[in-house]
Amino acid sequence: MPDEAGKEEKTIVSFKVWNKEKEETELHALKRYVVEGKRNGPHVVVNAGSHGDEFLAIDAAKELYERLEPEKVNGRVSIIPEANIFAALKNKRETPEPEFELYESEERNMNRCFDSVDLVDGPDGNITERLAYHVLKLVVKADYCFDLHTATAPGYKIDQIRGKTNPEFGKDVLQVQERLIRNSGVEYVIKTPPQYIGEGVLAGVAPLHGVPAVTVEIGGGAYSEEELERYVTVLMNLMKEAGSLYGEPDTVKQKIYRDLEEVWASTAGMYEPVKEPGEAVRKGEALGVVTNERGEHEVESPFDGLVESVHRQDWVNEGTRVSYIAIKQERTFLEAVADAFRRLLRSYTARKATREREGLLKL
Ligand SMILES: [Zn+2]
């Protein structure tokens with residue numbers, strides 16, 4: 001039995017960092033908001049803000065904490081609304097540099113470094129990996145993990161729930177994930193196979209420790225109260241399925257996809273999408289148009305599938321992601337490996353272009 005039902009704000013860890021802009025040392029805390037239920041039940045960890053600019057996901061986590069009544073909760077709910085506190089502070093997707101003089105860091109995308117966390121030897125590596133360590137340390141002791149994400153302006157995507165299908169998770173974990181997904185009330189489901197290289201997402205690592213995990217992405221792009229409400233409803237459904245709350249989750253008829261494929265701009269310019277999220281697309285069909293001084297260039301879909309996300313009118317560089325396509329068929333091992341290499345190369349190209357533009361790279 002829990003000691004006492006109630007709500008409590010706790011500090012997981014504090015970091016002392018040098019703020020180069022302000023020229024002073026600052027203390028920043030990674031927080032967890034705990035709802036201790038009246039009755040026995042599971043420990044659910046709700047993580048948001050690994051990407052610090054995903055406001056809707058961050059606010060949905062905070063809203064969940066506000067609405068949960070300890071008298072009605074079974075077990076414990078630990079909510080981390082801003083997992084990457086440094087990114088959230090600056091409204092950035094990744095750990096910001098050079099605003100803070102942090103540890104040497106190459107990987108600044110927190111939801112790509114959970115696979116490099118060493119739970120035995122303690123926190124190590126750059127600041128992003130240290131944050132990931134503290135989150136994962138909490139998650140591995142829990143019974144469920146819900147990782148919250150959302151679209152960020154100027155992007156837009158379909159509401160979706162994702163679960164990894166790595167056979168290494170074991171049958172029990174996979175079955176629980178399956179039930180969570182089925183009873184989430186989210187229409188689009190993406191069951192992704194292991195990526196083999198450059199995994200590192202929380203929902204790909206937690207299940208390796210025996211903790212069922214799902215990634216939820218609701219709304220975003222154009223932040224609205226209606227989207228926030230939709231997000232909280234999904235979280236309540238998941239909590240009912242997990243046994244944290246009594247009641248039947250609302251279900252919907254689901255459409256199931258096997259993976260997501262990235263599509264990049266092949267040239268720089270202003271990007272205007274032609275296809276909207278939720279629309280079907282055929283291989284070779286135009287997803288959008290890049291306009292620059294040399295004219296208009298169509299970006300074709302390399303796959304048959306469903307448009308999962310788009311960038312609205314925005315400047316793109318060569319290698320900037322403009323869309324994700326949800327595809328029906330699972331990829332083979334070789335395709336997955338080839339894709340991982342393509343991704344690494346593309347993200348390097350895109351990052352280099354961004355750095356050059358920001359004048360951070362000395363040529
Ligand atoms: Zn995200």
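Strand 8 (residues 160-164) and strand 9 run parallel and are joined by 5 bridges. Here a strand is a DSSP run of E with at least two residues, a helix is a run of H or I with at least four residues, and both are numbered from the N terminus. Two strands count as paired if DSSP finds at least two bridges between them. Within this pair, glycine 163 stands opposite lysine 191 in strand 9. Strand 9 is largely enclosed by the rest of the structure, because 4 of its 5 residues are buried. The word "buried" means that 20 or more other C-beta atoms lie within 10 Å of a residue's own; with 12 or fewer the residue is exposed, in between it is partly exposed, and the C-beta atoms are placed from the backbone.

A word on what you are looking at: this is a predicted model, in which local features need pLDDT of at least 70 and side-chain atom pairs count only at pLDDT 80 or more, while totals for chains, interfaces and linings use all residues. Residues are numbered from 1 along each chain as its sequence is written.

**Two domains**

The domain assignment gives domain 1 (6-256) and domain 2 (258-358); such bounds come from an automatic or database assignment. The centres of the two domains, taken over C-alpha atoms, are separated by 26 Å. Where they meet, 14 residues of domain 1 are in contact with 20 residues of domain 2. Contact means that the C-beta atoms of two residues, placed from the backbone, lie within 7 Å. On the side of domain 1 that touches domain 2, strand 7 (155-157) and strand 9 (188-192) are the elements that give two or more residues. By class, that side has 8 nonpolar, 4 polar and 2 charged residues. For this count, Ala, Val, Leu, Ile, Met, Phe, Trp, Tyr, Cys and Pro are nonpolar, Asp, Glu, Lys and Arg are charged, and the others, Gly among them, are polar.

**The nonpolar core**

Which residues touch the most other members of the largest nonpolar core? They are Val46, Ala60, Cys145 and Phe146, out of 87 residues in that core. The core draws at least three residues from each of domain 1 (6-256) and domain 2 (258-358). A nonpolar core is a set of buried Ala, Val, Leu, Ile, Met, Phe, Trp, Tyr and Cys residues joined through C-beta atoms within 7 Å. In soluble globular proteins, nonpolar side chains tend to be buried together.

Phenylalanine 146 touches Val44, Val46, Val214, Val216, Leu235 and Leu238, leaving aside residues up to four places away in sequence. Alanine 213, found in strand 10 (residues 213-217), is buried, with 29 other C-beta atoms within 10 Å. Counted the same way, with residues up to four places away in sequence left out, alanine 213 touches Cys145, Asp147, Leu202, Ala203, Ala206 and Pro207. The C-alpha atoms of alanine 213 and lysine 164 are separated by 8.3 Å, and these residues are 49 apart along the chain.

Now for an open sheet: its 4 strands come in the order 16-15-13-18, with antiparallel pairing. Strand 16 (295-300) and strand 18 (314-316) are the edge strands, and each pairs on one side only. On average, neighbouring strands of this sheet are turned by 35° against each other, direction ignored. The axes behind such angles are lines fitted to C-alpha atoms, for helices over the stretch in contact, and angles run from 0 to 180 degrees between N-to-C directions.

Strand 15 (residues 286-292) and strand 16 pair over 6 bridges in the antiparallel sense, and they form a hairpin with 2 residues between them. Strand 13 (residues 269-273) is joined to strand 15 by 4 bridges, also antiparallel. Some residues that face each other across these strands are listed here.

| Residue | Stands opposite |
|---|---|
| Glycine 288 | Valine 299 in strand 16 |
| Asparagine 292 | Glycine 295 in strand 16 |
| Proline 273 | Glycine 288 in strand 15 |

**Backbone details in the loops**

Most residues other than glycine have a negative phi, and most peptide bonds are trans. The peptide bond from alanine 153 to proline 154 is cis, with omega near 5°. Proline 154 lies in the loop between strand 6 (144-149) and strand 7.

Glutamate 23 has a positive phi, near 55°. Its place is the loop between strand 1 (6-19) and strand 2 (24-36), and glutamate 23 is exposed, with 7 other C-beta atoms within 10 Å. For asparagine 91, phi is positive too, near 55°. Asparagine 91 is found in the loop between helix 2 (85-89) and strand 5 (100-101). Is asparagine 91 buried or exposed? Asparagine 91 is exposed, with 12 other C-beta atoms within 10 Å.
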